Amino acid sequence: MNPALRTIVLALSLVLAGCATTNRKDPFEGFNRAMFTFNDKVDQVALKPAAEAYRNLPTFMQTGVSNFFGNLGDVWTAINNFLQGKAADGLSDVMRVAVNSTMGFGGFLDIGSEAGLPKHREDFGQTLGKWGVKSGPYVVLPLLGPSTLRDTVVLPIDYQADPWYYVYPVHVRNMGSVLRAVDQRAAVLDASNLIEDAALDRYVFVRDAYMQRRESKVRDGASPESHYEEDVGPTFTEQENAASPVNGSTLNVQSATSTELSVKPVVEVEQNDTIKKDSMAAGKEIKQ
């Protein structure tokens with residue numbers, strides 16, 4: 001591991017140790033909420049406006065950018081599928097990269113999906129989870145967003161396994177990293193706006209959606225053996241029932257909206273892993 005990245009992980013671990021509380025569901029909640037607020041301010045000031053402007057570009061350009069960086073991500077996904085013993089998925093990913101990199105003009109066209117090769121998303125944190133390593137407590141990283149202690153420790157490995165990390169000159173890599181982060185943020189604008197408009201504790205909602213999604217991805221969609229409410233926190237239904245009265249009546253959320261809220265943030269937190277890597281890349285490389 002890069003010495004600088006190892007130092008960052010160690011420093012973060014010490015900070016978290018100092019911020020620990022007795023809340024077993026979210027022992028670093030004080031630290032996490034502070035980072036959540038900080039990240040939200042940065043998003044509102046910089047990333048979200050950039051994503052909104054980006055959405056005005058022609059759709060084919062946005063799709064091309066997403067496909068290009070998605071094709072690069074398929075390389076590490078293939079390796080992790082092999083490490084998890086999913087040889088068929090790994091071979092499918094290898095074929096996706098080969099087809100999209102050649103017939104898809106370097107990945108700008110997703111020919112693989114058209115050919116029946118489904119896209120997967122795997123990282124080393126999921127691989128460790130498949131090997132039996134527990135996720136550990138929920139953690140909100142400065143600028144990088146939701147994570148877990150397990151995923152935080154291996155984040156430098158995911159970062160350096162990204163083919164874009166080795167692109168030179170550095171200024172081209174920096175611009176590409178920023179572009180990918182903006183593209184990923186634009187992809188979840190509608191979901192984030194929905195959460196912002198809802199009368200919920202956004203921190204709790206994002207935390208629970210993220211932890212559920214990570215557990216689901218590690219288990220390849222299978223239901224967990226334990227009760228999620230006991231491991232992480234209240235469900236959306238519990239939050240809805242506990243809502244404070246508004247104008248003399250309890251705040252009600254339409255069932256259709258509840259369903260949408262429970263689905264769309266899953267997309268948001270899934271995309272967030274890529275945003276983390278790009279934010280880390282942009283921050284580190286600009287210093288170079």
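Trainee: Which residues in α2 meet which residues in α10?
Mentor: In α2 they are Glu-29, Asn-32, Arg-33, Phe-36 and Asp-40, and in α10 they are Arg-202, Tyr-203, Val-204 and Val-206. Contact here means heavy atoms within 4.5 Å. Please note that this is a predicted model, in which local features need pLDDT of at least 70 and side-chain atom pairs count only at pLDDT 80 or more, while totals for chains, interfaces and linings use all residues. Residues are numbered from 1 along each chain as its sequence is written, and side-chain values use heavy atoms, with hydrogens and water left out.

Trainee: How many helices and strands does the protein have?
Mentor: There are 13 helices and 4 strands. These are DSSP runs numbered from the N terminus: helices are H or I with at least four residues, and strands are E with at least two.

Trainee: Back to the helix pair. At what angle do α2 and α10 pack?
Mentor: The angle is about 100 degrees, and the axes are 11 Å apart. Axes are lines fitted to C-alpha atoms, for helices over the stretch in contact, and angles run from 0 to 180 degrees between N-to-C directions. The two helices, α2 and α10, are therefore roughly perpendicular to each other. The classes are roughly parallel under 35 degrees, roughly antiparallel over 145, roughly perpendicular from 65 to 115, and oblique for the rest.

Trainee: How do the residues of that α2 with α10 contact divide by class?
Mentor: They divide into 4 nonpolar, 1 polar and 4 charged. Ala, Val, Leu, Ile, Met, Phe, Trp, Tyr, Cys and Pro count as nonpolar, Asp, Glu, Lys and Arg as charged, and the others, Gly among them, as polar.

Trainee: And α2 with α8: at what angle do their axes cross?
Mentor: They cross at roughly 80 degrees and come within 8 Å, so α2 and α8 are roughly perpendicular to each other. From α2 the contact uses Asp-43, Leu-47, Lys-48, Ala-50, Ala-51 and Tyr-54, and from α8 it uses Leu-179, Ala-181, Val-182, Asp-183, Arg-185 and Ala-186. By class, the contact of α2 with α8 has 8 nonpolar, no polar and 4 charged residues.

Trainee: Let us turn to the rings. How many aromatic pairs are there?
Mentor: The structure holds 11 aromatic pairs. Rings of Phe, Tyr and Trp (its six-membered ring) pair if their centres lie within 6.5 Å; planes under 30 degrees apart count as stacked, over 60 as edge-to-face and the rest as tilted. In one of the pairs, the centres of Phe-36 and Tyr-203 are 5.7 Å apart and the planes are at 80 degrees, so the pair is edge-to-face. Phe-36 lies in helix α2 (residues 29–54) and Tyr-203 in helix α10 (residues 202–218), so the pair ties together parts that are 167 residues apart in sequence.

Trainee: Are Phe-36 and Tyr-203 buried or exposed?
Mentor: Both are buried. Buried means under 20% relative accessible area, exposed over 50%, and partly exposed in between (1.4 Å probe, protein chains only). Phe-36 and Tyr-203 also form one aromatic cluster with Tyr-138 and Tyr-210.

Trainee: What about Phe-68 and Trp-164: how far apart are the centres of their rings?
Mentor: The centres are 6.0 Å apart and the planes are at 90 degrees, so this pair is edge-to-face. Phe-68 lies in helix α3 (residues 59–83) and Trp-164 in the loop between α7 (149–160) and α8 (170–187), so the pair ties together parts that are 96 residues apart in sequence. Both Phe-68 and Trp-164 are buried.

Trainee: Over which rings does Arg-173 lie?
Mentor: The charged end of Arg-173 sits over the ring of Tyr-165, 5.9 Å from its centre. Arg-173 also lies over the face of Tyr-168, at 4.4 Å from the ring centre. A charge sits over a ring if NZ of Lys or CZ of Arg is within 6 Å of the ring centre and within 35 degrees of the ring normal.

Trainee: New topic: the backbone. Which residues does a cis peptide bond join?
Mentor: Tyr-168 and Pro-169 are joined by a cis peptide bond, with omega about 5 degrees. Pro-169 is in the loop between α7 and α8. Most residues other than glycine have a negative phi, and most peptide bonds are trans.

Trainee: What is the phi of Leu-143?
Mentor: Leu-143 has a positive phi of about 70 degrees although it is not a glycine. Leu-143 is found in the loop between β1 (138–141) and β2 (145–148), and is exposed, with a relative accessible area of 52%.
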